[in-house]
Amino acid sequence: MQPAALVGLSLALVLLPTATANSCSFDGEIKLVNQNSTYTDDGQYVLGGRVEVCLNGTFHSVCTEGWDDADAQVVCNTLGYSYYVGTALTKGEFGTSEANPIPYYANCDGYEYNFLDCTLDDLQVD
């Protein structure tokens, strides 16, 4: 499975510092790894990165199983950028993760305020 990623569009952005290593402060904390930002030809600001979420004090990569634009939107909401348009990327655009994968896949509606408010379904590992 490829790690999940997102791209968000906005006119302005304040970059948040990322946590060090794989430790984190609280369940549901989100970070974007290998962040990339740029402006499009029409002046929109784009921010992207591989999504990792905190569970039990450790960041875990979010796999692309079931990953879609609604999930990406909730990541934007969780990061405080609800004015973003979340777009799911699923082809490893931001590299592989050294973090253990989260044992769930997200089933978000797109309106949740926090990623952990989404339905988290168990991943079926083959």
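Cys-118 counts as buried, at 6% relative accessibility. The model is predicted. Cys-118 is joined to Cys-108 by a disulfide, with S to S at 2.0 Å. The count of disulfides comes to two. The mean pLDDT of the chain is 77.

**Disulfide Cys-108 to Cys-118**
- Both Cys-108 and Cys-118 lie in the loop between β6 and β7, so this pair ties together parts that are ten residues apart in sequence.
- The torsion about the S-S bond is about 105°, so the link of Cys-108 and Cys-118 is right-handed.
- Cys-108 is buried, with a relative accessible area of 5%.

**Disulfide Cys-24 to Cys-54**
- Cys-24 and Cys-54 form a disulfide, with S to S at 2.0 Å.
- Cys-24 sits in the loop between β1 and β2 (30-39), and Cys-54 in strand β3 (residues 45-55), so the bond ties together parts that are 30 residues apart in sequence.
- The link of Cys-24 and Cys-54 is right-handed, with 75° about the S-S bond.
- Cys-24 counts as buried because its relative accessibility is 14%, under the 20% cut-off.
- Cys-54 is buried too, at 0% relative accessibility.

**Cysteine pattern**
- With the bonded cysteines of the chain numbered in sequence order, the pairing reads 1-2, 3-4.
- Cys-76 counts as buried, at 2% relative accessibility.

**Leu-116**
- Leu-116 lies in the loop between β6 (104-107) and β7 (119-122).
- At 27% relative accessibility, Leu-116 counts as partly exposed.
- Neighbours within four places in sequence aside, Leu-116 is in contact with Asp-27, Gly-28 and Leu-55.
- Leu-116 and Leu-55 are 61 residues apart along the chain, and their C-alpha atoms are separated by 9.6 Å.

**Aromatic rings**
- Lys-31 lies over the face of Phe-59, at 4.5 Å from the ring centre.
- Zero aromatic pairs turn up in a search of the whole structure.

**Confidence**
- A pLDDT of 70 or more is reached by 80% of the residues of the chain.
- Among the elements of the chain, helix α1 (residues 69-78) has the highest mean pLDDT, 90.
- The lowest mean pLDDT among the elements, 44, belongs to strand β1 (residues 5-10).
- Over residues 7-20 the pLDDT is below 50.
- Beyond near neighbours in sequence, the stretch of residues 7-20 has 44 contacts in the model.
- Where pLDDT is low, predicted coordinates should not be read in detail.

Technical notes: Residues are numbered from 1 along each chain as its sequence is written. This is a predicted model: local features need pLDDT of at least 70, side-chain atom pairs count only at pLDDT 80 or more; totals for chains, interfaces and linings use all residues. Side-chain values use heavy atoms; hydrogens and water are left out. Rings of Phe, Tyr and Trp (its six-membered ring) pair if their centres lie within 6.5 Å; planes under 30 degrees apart count as stacked, over 60 as edge-to-face and the rest as tilted. A charge sits over a ring if NZ of Lys or CZ of Arg is within 6 Å of the ring centre and within 35 degrees of the ring normal. pLDDT is the predictor's confidence in each residue, from 0 to 100. Helices (H or I, at least four residues) and strands (E, at least two) are DSSP runs, numbered from the N terminus. Contact means heavy atoms within 4.5 Å. Buried means under 20% relative accessible area, exposed over 50%, partly exposed in between (1.4 Å probe, protein chains only). A disulfide is a pair of cysteine sulfur atoms within 2.5 Å.
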